[in-house]
Amino acid sequence: MIRLDAVTMTYPAGTRPALRDLTLRIDEGEFVYLVGPSGSGKSTLLRLLLREERATSGLVTLDGADLAAIPDRRVPLLRRAVGCVFQDFRLLPDRTVAGNVAFALDVVGRPRHVVRAVVPEVLGLVGLAGKENRYPDELSGGEQQRVAIARAFVGRPRVLLADEPTGNLDPATSEGIMRLLDAVNRTGTTVVMATHNAGLVDARRRRVVELADGACVRDERGGAYEARDAGGTAAPPGQAPGHAPGHAPERGTATAARVRTDEDAGDRADAPAGAGDGVD
Amino acid sequence: MRIGPLLAILGAGLRRNLAVTSAVVITAAVCLGMLGAGLLLRAEVHTIDGYLVDQLEVVVDLTDDITPGQRAMLVDDLKADPAVLTVRYEDKRQVYERFKRDFQSSPDVVAGVGPADLPAALRLRLVDPRAGDQIVLGYTGRDGVEAVRDQRALLRPLYQVLDGFSVAAFTLAAVQAAASGALIYTMIRVSAHARRRETAIMRLVGATNATIRAPFVLECALSGLTGGMVAAAALVVCKAVLVDGHFAHQTTFPLFGWDAVWVSSGAVMALGALAAAAMGSLALHRHLRA
């Protein structure tokens, strides 16, 4: 469904590429974690998929369509097929919960009866039934992110991009958001989530794509947040190599060790049973 | 986008920008009022011209020594001229009678002039009475012709005064238009900044550029239209109070009618809305990311 072939992206003012020779394929219905340090190219990848940017070289396709070749006037149609959620929610403070969700349908010209039918349904799906008339500043962070997910999902996109959606949330709330993204994924929507939250990644064991300096250094099904090579160099700072159990991962394969930090363990305490039972 | 949500966004934008929008409306009203006044002055020139033009002729004064053959040739040439509608000959007696009629209120002038003192003349009606210059140029200096006079030229000072007023009005309108344009540009800049989150979300969820820009352009068009309506109201008041209520009693010249007021009012409202929308679109290209 999503293909990147030898994609390199250098921003006009940039001195080094944000993405380097990246090749990646994501099938329909997959749930993919994008991990890697800040500046590794995760957000750039999402921006390419939204056609906010064009690749400097290489090919980015969605359903076979070359995104760089799509004329500007057709880009809105692409974006209706790609929902997006951000760390900072990006809600409109002067609109109610229902108003924020309806906004996404109103501005693409959906008929009023459709908006009236679909918005309550989606708010029920994200667990906000009864809070339709609240304003964003009357909601918790988790609830605001649920509104943002409802807004991204209300147009039934085929792909949902989430850029650190739990970055501003506590572990328990983050787990709730992940369950919601799981539910969205179960409807058949492909989910690509950039995250720094090791606990959430480790709890589910989905496909993990790790970027470093704009290059893909790991593409692992059923992977953990961090890979660890034989020498233990991938272990987090402050943790002695070999502290965590597991064997060295083989980059680009479906077998990899899962490295847990103490912080991970703390997050995992809130995680539900059945972690790791992803779509793969 | 449906009209309901569009109007909701437009209303929110207008409330948020009330101060700047009011400034745009006021400057646009002054600008368009000046423009309307200029248009009405032009209408007045046309009204006067239309009223007098049928009464004005080109007069070819003949020399006393013109031979019948020269006169017949001159008349034939004039009748063959496509610019000339009719040619009528007046001998010295008829010219004197007309002179006495025109100056009947000045008997001292009439007393000092006899029929022999005035030249016989050919009086011409032109197909286009405004094209008298061509006839003057073409027939001055011909054998038997003493002078060619375009009576319409007598009105030139009046036209120059009225034209001067209308040019002054248009100049003031242009200055105000520049101020209005700068204000609209500022309004769009402020508005695009205040609504950057809203427009970013619109873009993300797949709204078209036209949809994203529509509330801004409508806001500008509405400001321009409101300014135009204020200007149109001012023109109507001027016509009713100043022209009909004051000037009409002081002059025998015909004054422009209500049709000119309606045309000018429609023009300033349409121009206000369109020009403001165009200026807004221009500013959006700079301040709103496509």
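Buried area is the accessible area, taken with a 1.4 Å probe, that two parts lose on being put together, summed over both. In this predicted model, the area buried between chain A and chain B is about 1800 Å², and carbon and sulfur atoms give 58% of that area. The contact takes 24 residues from chain A and 17 residues from chain B. The points below take up confidence, the interface, chain A, and then the regions of chain B.

**Confidence in chain A**

- Chain A has a mean pLDDT of 80, and 81% of its residues reach 70 or more.
- Over residues 230-280 of chain A, however, the pLDDT is below 50, although in the model this stretch has 100 contacts beyond near neighbours in sequence.

**The interface of chain A and chain B**

- A:Arg79, A:Phe103 and A:Val107 supply 27% of the area that chain A buries against chain B, which is more than any other three residues supply.
- Across the interface of chain A and chain B the rule finds two salt bridges, and it also finds four residue pairs in polar contact, with both residues at pLDDT 80 or more.
- B:Arg2 forms a salt bridge with A:Asp106, in which the closest N and O atoms are 3.2 Å apart.
- On the side of chain A that touches chain B, the elements giving two or more residues are helix H2 (75-80), strand S6 (82-86), helix H3 (97-106) and helix H4 (112-125) of chain A.
- Sorted by class, the side of chain A that touches chain B has 13 nonpolar residues, one polar residue and 10 charged residues.

**Salt bridges in the whole structure**

- A search of the whole structure finds 39 salt bridges over all chains.
- The side chains of A:Glu175 and A:Arg204 meet in a salt bridge, with a distance of 2.5 Å from N to O.
- This pair links distant parts of the chain, since A:Glu175 is in helix H6 (residues 171-186) of chain A and A:Arg204 is in helix H7 (residues 198-204) of chain A, 29 residues apart.

**The region of chain B at residues 56-148**

- In an unreviewed entry, UniProt lists residues 56-148 of chain B for "domain: FtsX extracellular".
- Over residues 56-148 of chain B the chain is 40% helix and 24% strand, and the end C-alpha atoms are 13 Å apart.
- B:Thr63 lies in the loop between strand S1 (58-62) and helix H3 (68-80) of chain B, and a polar contact of 2.8 Å joins the side chains of B:Thr63 and B:Asp65.
- Leaving aside residues up to four places away in sequence, B:Thr63 touches B:Gly144, B:Val145 and B:Glu146.

**Other annotated regions of chain B**

- For "transmembrane region", an unreviewed UniProt entry lists residues 20-41, 165-188, 216-242 and 262-284 of chain B.
- Over residues 20-41 of chain B the chain is 100% helix and 0% strand, with the end C-alpha atoms 32 Å apart.
- Over residues 262-284 of chain B the chain is 100% helix and 0% strand, with the end C-alpha atoms 33 Å apart.
- UniProt, again in an unreviewed entry, lists residues 171-286 of chain B for "domain: ABC3 transporter permease C-terminal".
- Over residues 171-286 of chain B the chain is 84% helix and 0% strand, and the end C-alpha atoms are 28 Å apart.

Conventions:
Residues are numbered from 1 along each chain as its sequence is written. Chains are lettered from A and ligands numbered from 1 in the order in which they are written. Side-chain values use heavy atoms; hydrogens and water are left out. pLDDT is the predictor's confidence in each residue, from 0 to 100. Contact means heavy atoms within 4.5 Å. A salt bridge is a side-chain nitrogen of Lys or Arg within 4 Å of a carboxyl oxygen of Asp or Glu. A polar contact is a pair of N or O atoms within 3.5 Å; within protein, one must be able to donate a hydrogen and the other to accept it, and residues adjacent in sequence count only if both atoms are side-chain atoms. Helices (H or I, at least four residues) and strands (E, at least two) are DSSP runs, numbered from the N terminus. Ala, Val, Leu, Ile, Met, Phe, Trp, Tyr, Cys and Pro count as nonpolar, Asp, Glu, Lys and Arg as charged, and the others, Gly among them, as polar. UniProt positions are given in the numbering used here, feature names are shortened, and annotations may be inferred rather than shown by experiment.
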